[in-house]
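This report describes a zinc site, the overall fold, the salt bridges and a surface patch of one protein model. The sequence and structure are shown below.

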Amino acid sequence: MLSLERIEEIKEELQGLSPEEQQKKFQEIIQSLDPEEREQLTGKQQCPFCLMAKGEIPVKKVYEDETLMGILDIRPANKGHTLLFPKEHHKMLSTVPEPLVAHMFTTANKLSTAVFDAMQAQGTNILVANGPAAGQTAPHVLINIIPRFTKDKVVIGWDAEKIDDTEMEKIAGSIQSKIPKEKAKITQKKEMQSVREDFSRIP
Ligand SMILES: [Zn+2]
């Protein structure tokens, strides 16, 4: 079996090559695989979430608009566990266009309230797993909306690591340096504005 990462890697290897080079490279790769892997690569296995979006796999739908679909998870963490995903195929959130990301999270927030009310829950988790290390098992980006109850069996937790101030400062700087400058500025401005608005409300 090829891992999803390997399939993506192969796609990336082929991208940017001329059609002739692409064909040659593809043949090389195909020859190094076993029959099952070949079938995976030649596209006979399709993304189940893309098929659900096209109506080719039956689902229990809770939400649909032009770009998104929300369904009940068939193996829920708790009853009412909802999956929200874009109809176009994206493996991870990082490749989803920004307006669609915004629409996904606005909708996830609405669904969270609806799930909370419908299931008479005591809380919700809104969760995205980016990559296998983070627990991603689906080949398609998903937002999990999980209704939570004080005594349920869902575990989302960690043992806190120790970290000193110097290291935190270094990490904060490193993360800041990876944020595209333009976007960081806009966010800061907005934040400042909302802080001012908050202050102006104080009598
Ligand atoms: Zn898909």
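In this predicted model, the zinc ion is held by four protein donors, namely Cys-47 (SG), Cys-50 (SG), His-89 (ND1) and His-140 (ND1), at 2.0 to 2.3 Å. Donors are N, O and S atoms within 2.8 Å of the metal (3.2 Å for Na, K and Ca); water is not among the atoms, so sites may look incomplete. The four donor atoms subtend angles of 103 to 118° around the zinc ion, and the arrangement is therefore tetrahedral; that term requires four donors with all angles between 85 and 135 degrees. Along the chain, the donors follow the spacing C-x2-C-x38-H-x50-H. Cys-47, in the loop between helix 3 (35–41) and helix 4 (48–53), and His-89, in the loop between strand 3 (82–86) and helix 5 (98–118), link distant parts of the chain, 42 residues apart. Cys-47 is buried at a relative accessible area of 12%, whereas His-89 is partly exposed at 36%. Buried means under 20% relative accessible area, exposed over 50%, and partly exposed in between (1.4 Å probe, protein chains only).

Residues are numbered from 1 along each chain as its sequence is written. Local features need pLDDT of at least 70 and side-chain atom pairs count only at pLDDT 80 or more, while totals for chains, interfaces and linings use all residues; side-chain values use heavy atoms, with hydrogens and water left out.

The protein chain has seven helices and five strands, in the order α-α-α-α-β-β-β-α-β-β-α-α from the N terminus. Helices (H or I, at least four residues) and strands (E, at least two) are DSSP runs, numbered from the N terminus. Of the 203 residues, 29% are buried. Among contacts with a separation of 6 or more, 54% join residues 24 or more positions apart, a contact being heavy atoms within 4.5 Å. The accessible surface of the chain is about 14,800 Å², of which 55% belongs to carbon and sulfur atoms; areas come from the Shrake-Rupley method with a 1.4 Å probe, and for residues only the protein chains shown count as cover.

Seven salt bridges are found in the whole structure. A salt bridge is a side-chain nitrogen of Lys or Arg within 4 Å of a carboxyl oxygen of Asp or Glu. The table includes three of them.

| Pair | N to O distance |
|---|---|
| Glu-5 and Lys-91 | 3.4 Å |
| Glu-9 and Arg-6 | 3.0 Å |
| Glu-64 and Lys-87 | 2.7 Å |

Glu-64 in strand 1 (residues 61–64) and Lys-87 in the loop between strand 3 and helix 5 link distant parts of the chain, 23 residues apart. Glu-5 lies in helix 1 (residues 4–14) and Lys-91 in the loop between strand 3 and helix 5, so this pair ties together parts 86 residues apart in sequence. Glu-5 is partly exposed at 31%, but Lys-91 is buried at 15%. Glu-9 and Arg-6, three residues apart in helix 1, are separated by about one helical turn. Arg-6 and Glu-9 also belong to a network of salt bridges with Glu-13 and Lys-25.

On the surface, Ile-163, Met-168, Ile-171, Ile-175 and Ile-179 form a nonpolar patch with about 440 Å² of accessible area together. Patches are made of residues with over 30% relative accessible area and no salt bridge; like charges are joined within 9 Å, and nonpolar side chains (Val, Leu, Ile, Met, Phe, Trp, Tyr) within 5 Å. Met-168 is located in helix 6 (residues 165–178) and is partly exposed, with a relative accessible area of 46%.

Methods: Four donors count as tetrahedral if all angles lie between 85 and 135 degrees; four count as square planar and six as octahedral if opposite donors are over 155 degrees apart and all others between 65 and 115; anything else is irregular.
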